[in-house]
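Visitor: I am new to protein models, and I would like to learn how to read one feature at a time. Could you guide me through the structure shown here?

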Amino acid sequence: MKVFVYDLDKCNGCHNCQIACKDEHVDNDWSPIAKPQPDTGHFWCKVDEEVCGKTPLVRVNYLSHHCNHCDNAPCVKFAPEAIYKRDDGLVIIDPEAAKGNKDILKACPYGEIYWNEELQTPQKCTGCAHLLDDGWSVPRCVDACCTGALRFGEEEDFADELANAEVLRPECGTAPRVYYLNKPKRFVAATVVDIDADEVVIGAKATLFAVDDEAEVAAVQTDELGDFFIENVEPGTYRLVVEKEGYLTQSLDVDLTVKDQSFPEFQFFAEPVIA
Amino acid sequence: MMTYEEFAEKKMCLAPTAEGWEDDPVALTAWYENWEDQPMQTPTGKIEIYSTGLAEWFPDDPTRPVVPHWIEESDELKERLSCERAKDFPFLMVTNHPRWRVHSEHDDVTWLREIETCKVKGPDGYMYEPVWLNPIDAGKLGIANGDVVAVYNERGAVLGGCIVTERIMPGSVYQDHGARVDSIVRGTGGLDRGGANNLICPLATASKNTLSEATNGFLVNVKKVDVLALAEQYPEEFEREYKPEAGLQVSAWIVDGE
């Protein structure tokens, strides 16, 4: 059975996958796999952009997503007469059998099914099944990926990597066949500034502790610009401690439950000199 | 590497990295070791940091000096936040090569325009060229994400759809160059709906003795505009043939249409 394996560390947000998908499906009739996609408004493959943190400590995340070709697909359960799973794992909406059934869109918890107003039929990613059946080894989105972030193949060939992979919204329980590697978690970042000297502080140690069990999560040093980034932290609440010899140790509670945190001016003070 | 027949068949040829490239000397080493026999085309035959040609012909050019150095402003170019003009135009405008076009080419490509960061939909349904503002500046100016704004200076104004984002620092504004012109008021001091900010960039070149653009950063101010009121004021300009998914139609620029 086939899987999609997407390494988000390698994605640069070029959108080639999104455009290649449109190139394959807009104006092209691949019946019985899929009818033509309308020119605009459908995203059978879509890249999302998310801006995290605060200027200048910012990260931009990209996420390429499409139908998850779930093994436990709610759409197949909802309309078994119109939607089927192939032996290779791909989930296909039969454009004729599904005609007129707009409620199919509501069956997908991921919102990956689109309504074709002109043809009055629900449509989505087909995994380019028509190409695979014609001898292609990968769908167009994967073929167009210039960084190697998007890959497609037999599940057993990816077995080692899938052990560390995630799926989107696993709580839906749909057993997706699209896996993500290196999906960013939260970060905390700061520029440590000696306010009195009006200089950044290089080589300060920043340590992040979990609030619940006080365990050390990560420890880094500020770079030559006084910056540090602690990345890939699980969402939660933490205590950040910043210290350096000759300076007063500073600590701060950091809430990373819903979003990343940046402190563009983390104030630091030299130890008072006793005359 | 391969025969032409092989190339025609494969339609590509990856030039392999040379064997032992790690031992290659750094660039220009051969020239450095024997520059007299292979002189540069400069008067001295060397790489000139002090330009002997400029020293001979234009020794007193204040903005193309004999030794290159930073020049904050000149008589012709006053486009820095330190300039007197910045009192009226307090933002530094950054106009990059566009992410979703090549200059003004492809501004009408439907698949690119529907990418979320490509255009911003105004209350009139027009797809405006994005203008990035930091949340701090947007707050001061009373501008919210999605508002239509005018980016302007004494040379004129262009409209844009605001994206409030941490990706731009306070004090700066960002709008790609190359959005297609859709003039509301033409000429100096005019107004462009398309967001073609080349219309408001500096006219002066870096020096009166040479052609070199200094247009990628310049002073502007930003304000929120009521685009529906503008539409009432300029009905003819706002009724040009337009499709949101592709932009202004060619027929809008042809006498008697079609």
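Guide: We will go through salt bridges, cores, the surface, domains and the backbone in turn. What you see is a predicted model, in which local features need pLDDT of at least 70 and side-chain atom pairs count only at pLDDT 80 or more, while totals for chains, interfaces and linings use all residues. Residues are numbered from 1 along each chain as its sequence is written, chains are lettered from A and ligands numbered from 1 in the order in which they are written, and side-chain values use heavy atoms, with hydrogens and water left out.

Visitor: How many salt bridges does the structure hold over all chains?

Guide: Side chains of opposite charge can pair when their charged atoms come close. The term salt bridge is used here for a side-chain nitrogen of Lys or Arg within 4 Å of a carboxyl oxygen of Asp or Glu. Over all chains, the structure holds 36 salt bridges. One of them pairs Asp88(A) with Arg86(A), with 2.8 Å between the closest N and O atoms.

Visitor: Is Asp88(A) buried or exposed?

Guide: For such words we use relative accessible area, where buried means under 20%, exposed means over 50%, and partly exposed lies in between (1.4 Å probe, protein chains only). Asp88(A) has 16% relative accessibility and therefore counts as buried, and Arg86(A), at 16%, counts as buried as well. In chain B, Glu73(B) and Lys78(B) form a salt bridge with an N to O distance of 3.2 Å; Glu73(B) is partly exposed at 34%, and Lys78(B) is partly exposed at 29%.

Visitor: Which parts of chain B does the pair Asp108(B) and Arg180(B) tie together?

Guide: Helices (H or I, at least four residues) and strands (E, at least two) are DSSP runs, numbered from the N terminus. The salt bridge between Asp108(B) and Arg180(B) has its closest N and O atoms 3.5 Å apart. Asp108(B) lies in the loop between strand E1 (91-94) and helix H4 (110-113) of chain B, and Arg180(B) lies in the loop between strand E7 (172-174) and strand E8 (183-185) of chain B, so the pair ties together parts that are 72 residues apart in sequence. Salt bridges can also share partners, and in this way Asp71(A), Lys85(A), Glu155(A) and Arg177(A) are joined into one network.

Visitor: How many residues does the largest nonpolar core have?

Guide: A nonpolar core is a set of buried Ala, Val, Leu, Ile, Met, Phe, Trp, Tyr and Cys residues joined through side-chain atoms within 4.5 Å. The largest one has 44 residues, and those with the most contacts inside it include Tyr6(A), Leu150(A) and Tyr180(A). Strand E5 (residues 91-93) of chain A gives the most to this core, namely three residues. Apart from it lies another core, of 19 residues, among them Val192(A) and Phe266(A).

Visitor: What does Ser64(A) touch?

Guide: Contact means heavy atoms within 4.5 Å. Leaving out residues up to four places away in sequence, Ser64(A) touches several residues, including Tyr6(A), Leu150(A) and Tyr180(A). Ser64(A) sits in strand E3 (residues 57-66) of chain A and is buried, with a relative accessible area of 2%.

Visitor: How are the domains of chain B assigned?

Guide: Domain bounds come from an automatic or database domain assignment. For chain B, that assignment gives domain 1 (38-69) and domain 2 (84-241). Their centres, taken over C-alpha atoms, are separated by 38 Å, and the contact takes five residues from domain 1 and five residues from domain 2.

Visitor: Which peptide bonds are cis, and where is phi positive?

Guide: Most residues other than glycine have a negative phi, and most peptide bonds are trans. Here, the bond from Ser31(A) to Pro32(A) is cis, with omega near 5°, and another cis bond joins Thr55(A) and Pro56(A), with omega about -5°. His69(A), which is not a glycine, has a positive phi of about 45°, and this residue is buried at 1% relative accessibility. Arg169(A), also not a glycine, has a positive phi of about 40°, but Arg169(A) is partly exposed at 41%.
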